[in-house]
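This briefing covers a pocket and the packing of helices. Please keep the structure in view while reading.

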Amino acid sequence: MTELRQKFERHMNLHRLSPKTHDAYMNAVKSLAAYYKKSPDKLTDSQIQNYLDYIIADRQLAWSTCNVQFSGIKRFYKHVLNREPNLSIPPRPKE
């Protein structure tokens, strides 16, 4: 297990995130890294935003799924890498 993964798991355990949230957030970061075939600490804000745009526009994932991805990625960068990425996600669609 990588050091970054251990740090993220420790953070989520200390903040008592539910097991489902824990898994979803871990998968969000894992999917981001797999998309670029790079460690997430090597990615730029622009690359992260492009990935979020990809899951919204190209993969057409549900807004709730995109929001979970966004939240997991943002939490990872903010609390594990101590970096506040400049990201945006579209607002929730009107019903």
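Helix H1 (3-14) and helix H2 (19-36) each supply at least two residues of the lining of the largest pocket. H2 gives the most, with 4 residues. The model is predicted.

**Largest pocket**

- The largest pocket holds about 220 Å³ of space.
- Its lining consists of Thr2, Leu4, Arg5, Met26, Val29, Lys30, Ala33, Ser39, Pro40 and Phe76.
- By class, the lining of the largest pocket has 6 nonpolar, 2 polar and 2 charged residues.
- Arg5, Met26 and Val29 are among the lining residues, and Arg5 of H1 and Met26 and Val29 of H2 also take part in the contact between these two helices.

**H1 with H2**

- The axes of H1 and H2 lie 11 Å apart, and the packing angle is about 150 degrees.
- Angles over 145 degrees count as roughly antiparallel, so H1 is roughly antiparallel to H2.
- H1 and H2 cross in a right-handed sense.
- On the H1 side, the contact uses Arg5, Phe8, Glu9, Met12 and Asn13.
- On the H2 side, the contact uses His22, Tyr25, Met26 and Val29.
- The residues of the contact of H1 with H2 split into 5 nonpolar, 2 polar and 2 charged.

**H2 with H3**

- H2 packs against helix H3 (residues 45-58) at an angle of about 105 degrees, with the axes 11 Å apart.
- The range from 65 to 115 degrees counts as roughly perpendicular, which means that H2 is roughly perpendicular to H3.
- H2 brings Ser31, Leu32, Tyr35 and Tyr36 to this contact.
- They meet Gln47, Ile48, Asn50, Tyr51 and Tyr54 in H3.
- The contact of H2 with H3 has 6 nonpolar and 3 polar residues, and no charged residues.

**H3 with H4**

- What angle do the axes of H3 and helix H4 (residues 63-79) make where they cross? The angle is roughly 165 degrees, and the axes come within 10 Å.
- H3 and H4 are therefore roughly antiparallel to each other.
- The crossing of H3 and H4 is right-handed.
- H3 contributes Ile48, Tyr51, Leu52, Ile55 and Ile56 to the contact.
- H4 contributes Cys66, Gln69, Phe70, Ile73 and Tyr77.
- By class, the contact of H3 with H4 has 9 nonpolar residues, 1 polar residue and no charged residues.
- Ile48 and Tyr51 of H3 touch H4, and Ile48 and Tyr51 also meet H2.

Conventions: Residues are numbered from 1 along each chain as its sequence is written. This is a predicted model: local features need pLDDT of at least 70, side-chain atom pairs count only at pLDDT 80 or more; totals for chains, interfaces and linings use all residues. Side-chain values use heavy atoms; hydrogens and water are left out. On a 1 Å grid over the protein atoms alone, a cavity is a set of points where a 1.4 Å probe fits but cannot get out, and a pocket is an open set with protein on both sides within 12 Å along at least five of seven lines; lining residues have an atom within 4 Å of a point. Grid points are joined across faces, edges and corners, and a volume is the space filled by probe spheres set on the points. Ala, Val, Leu, Ile, Met, Phe, Trp, Tyr, Cys and Pro count as nonpolar, Asp, Glu, Lys and Arg as charged, and the others, Gly among them, as polar. Axes are lines fitted to C-alpha atoms, for helices over the stretch in contact, and angles run from 0 to 180 degrees between N-to-C directions. Angles under 35 degrees count as roughly parallel, over 145 as roughly antiparallel, 65 to 115 as roughly perpendicular and the rest as oblique. A crossing is left-handed if the near helix is turned anticlockwise from the far one by less than a right angle, and right-handed if clockwise. Contact means heavy atoms within 4.5 Å.
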